Amino acid sequence: MAFNSRIKIKSLLESDETGHDVTIMGWVRTKRSNKNVSFIALNDGSTIKNYQAVADPNLIPEDILKKITTGACIKVTGEIVQSQGAGQQTEIISKSIEILGEADPEKFPLQPKKHSLEFLREIAHLRMRTNTFGAIFRVRHALAFAVHKYFNDKGFFYIHTPIITASDAEGAGETFRVTTLDLKNPPKTDKGEIDYKEDFFERETNLTVSGQLEGELAAMALSEIYTFGPTFRAENSNTARHLAEFWMIEPEMAFFDAEDNQNLAEDFLKYVISYALENCQDDLVFLDQRASEEDQAKKVELRSEMGLLERLNFVVNNEFERITYTEAIHILKNSTPNKKKKFQFLIEDWGVDLQSEHERFLVEKHFKKPVILTDYPKEIKSFYMRQNDDGKTVAAMDILFPGIGEIVGGSQREERLELLTKRMEEMDIPQEEMWWYLDTRRFGAAPHAGFGLGFERMVLFVTGMSNIRDVIAFPRTPGNAEF
């Protein structure tokens with residue numbers, strides 16, 4: 001019999017057939033024994049639910065039973081029968097058990113008790129074996145699959161944009177350098193500067209902060225494209241909302257204006273969340289309960305008004321509120337927290353960049369639903385955003401979600417060459433380095449738009465977790481590149 005003739009626990013739980021023999025394999029969560037029998041809870045990662053294996057000490061040798069400890073990996077062959085106990089419909093009566101990998105109970109750190117998320121981050125190589133992280137990564141998979149399905153079904157093409165690039169799309173300058181030069185003794189020019197001509201790419205390069213600019217080039221030929229890949233920001237930001245390495249989804253659409261862009265983004269967010277609600281029910285019920293317990297430990301004023309599942313259904317079932325930046329400033333300026341100086345950053349004048357506290361006030365307290373903010377001051381936005389006729393604002397949009405703040409940022413892009421080059425001059429962006437980008441405005445320019453969604457922020461929202469380091473397998477943050 002082939003080694004992998006096993007059946008997954010998820011499949012076993014979906015069937016109520018009994019009286020046949022199967023082989024299951026997985027990791028031991030718990031074992032409890034009395035004189036006559038041992039009950040082993042086994043999990044193989046296919047579902048949050050464990051499966052009960054019953055082991056009779058008259059059938060299974062004592063030396064094998066001793067090695068069945070929390071964390072050990074075992075192979076069980078036996079008969080599926082109606083379960084005698086509560087909590088499961090069927091169970092397996094073991095005919096043979098093979099130890100695939102032992103786990104010394106004195107050393108294995110994941111014993112059956114509650115562990116803090118901080119502790120689990122220190123053992124990120126093992127944390128997926130817990131219920132919480134198993135659930136998070138199954139949901140993450142479903143969301144990633146839903147992203148591809150949504151765009152594929154709409155006729156978009158998936159483009160792989162470069163990870164090593166010579167441009168800084170956001171102009172923020174917080175990039176990771178890529179080099180093969182000897183850092184202890186780099187080659188120098190006559191002026192004493194590092195001679196990048198000697199480097200692998202013969203110029204300065206960095207890890208990408210966004211695939212957007214290259215995505216625009218593809219949209220100018222294929223009409224509707226999306227990218228979904230890793231991006232890197234070297235901002236020294238040690239917060240629960242920032243990662244140095246994260247995944248971005250960036251669609252770019254030719255023949256789309258600002259309103260088309262908003263419509264697509266809203267439809268996309270609702271679709272992806274609905275997909276998770278339909279396909280990750282067990283995991284989301286568990287995460288909902290977890291979030292509710294975490295909420296109870298908070299001060300009353302910091303508790304969420306809705307549970308996780310309620311919040312997800314609420315986003316799916318409600319139209320997003322659409323307001324301009326100018327309207328938002330008016331609401332915030334006249335709000336109670338602003339008047340009573342409760343905001344950390346007080347809103348005094350038009351033109352300021354909104355902070356997370358302002359975004360969350362609009363969503364959670366004022367409108368009590370997701371908000372699409374549009375038409376931001378051009379001074380606080382990127383050079384490539386289309387300038388509005390008022391000369392002060394650009395056709396930008398941010399989508400704000402409860403608990404998260406900004407989840408999507410996008411804009412109609414500036415397709416008019418003279419306005420784009422003028423804006424680049426104002427912002428000191430070297431046009432000679434961006435000649436290829438400007439060519440798309442020189443040859444067959446078209447109105448186009450796009451947006452970016454930080455995938456981890458989406459996973460954070462759907463799983464109800466509060467720290468972004470807990471929704472990516474191996475987080476990269478300042479001072480941390482472990483595993």
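Mentor: A salt bridge here is a side-chain nitrogen of Lys or Arg within 4 Å of a carboxyl oxygen of Asp or Glu. This is a predicted model, in which local features need pLDDT of at least 70, side-chain atom pairs count only at pLDDT 80 or more, and totals for chains, interfaces and linings use all residues. Residues are numbered from 1 along each chain as its sequence is written, and side-chain values use heavy atoms, with hydrogens and water left out.

Trainee: How many salt bridges does the structure hold?

Mentor: One of them joins the side chains of Glu102 and Lys67, at 3.9 Å from N to O. Another pairs Arg442 with Asp439, where the closest N and O atoms are 2.8 Å apart. The count for the structure is 28.

Trainee: How many residues apart in sequence are the parts that Glu102 and Lys67 tie together?

Mentor: Helices (H or I, at least four residues) and strands (E, at least two) are DSSP runs, numbered from the N terminus. Glu102 lies in the loop between β5 (90–101) and α3 (117–122), and Lys67 in helix α2 (residues 62–67), so the pair ties together parts whose separation in sequence is 35 residues.

Trainee: Is Lys381 buried or exposed?

Mentor: Buried means under 20% relative accessible area, exposed over 50%, and partly exposed in between (1.4 Å probe, protein chains only). Lys381 forms a salt bridge with Asp398, with the closest N and O atoms 3.4 Å apart. Lys381 lies in the loop between β13 (371–377) and β14 (393–401), and Asp398 in strand β14, so the pair ties together parts 17 residues apart in sequence. Asp398 and Lys381 are both buried.

Trainee: Which residues is Leu12 in contact with, leaving aside its neighbours within four places in sequence?

Mentor: Leu12 is placed in helix α1 (residues 9–13). Its relative accessibility is 4%, so Leu12 counts as buried. With contact meaning heavy atoms within 4.5 Å, the partners of Leu12 beyond those neighbours are Ile7, Val22, Ile24, Tyr51 and Ile80.

Trainee: Are α8 and α14 roughly parallel or oblique to each other?

Mentor: Helix α8 (residues 308–317) and helix α14 (residues 455–463) pack at about 120 degrees, with their axes 8 Å apart. Axes are lines fitted to C-alpha atoms, for helices over the stretch in contact, and angles run from 0 to 180 degrees between N-to-C directions. Angles under 35 degrees count as roughly parallel, over 145 as roughly antiparallel, 65 to 115 as roughly perpendicular and the rest as oblique. The relation of α8 to α14 is therefore oblique.
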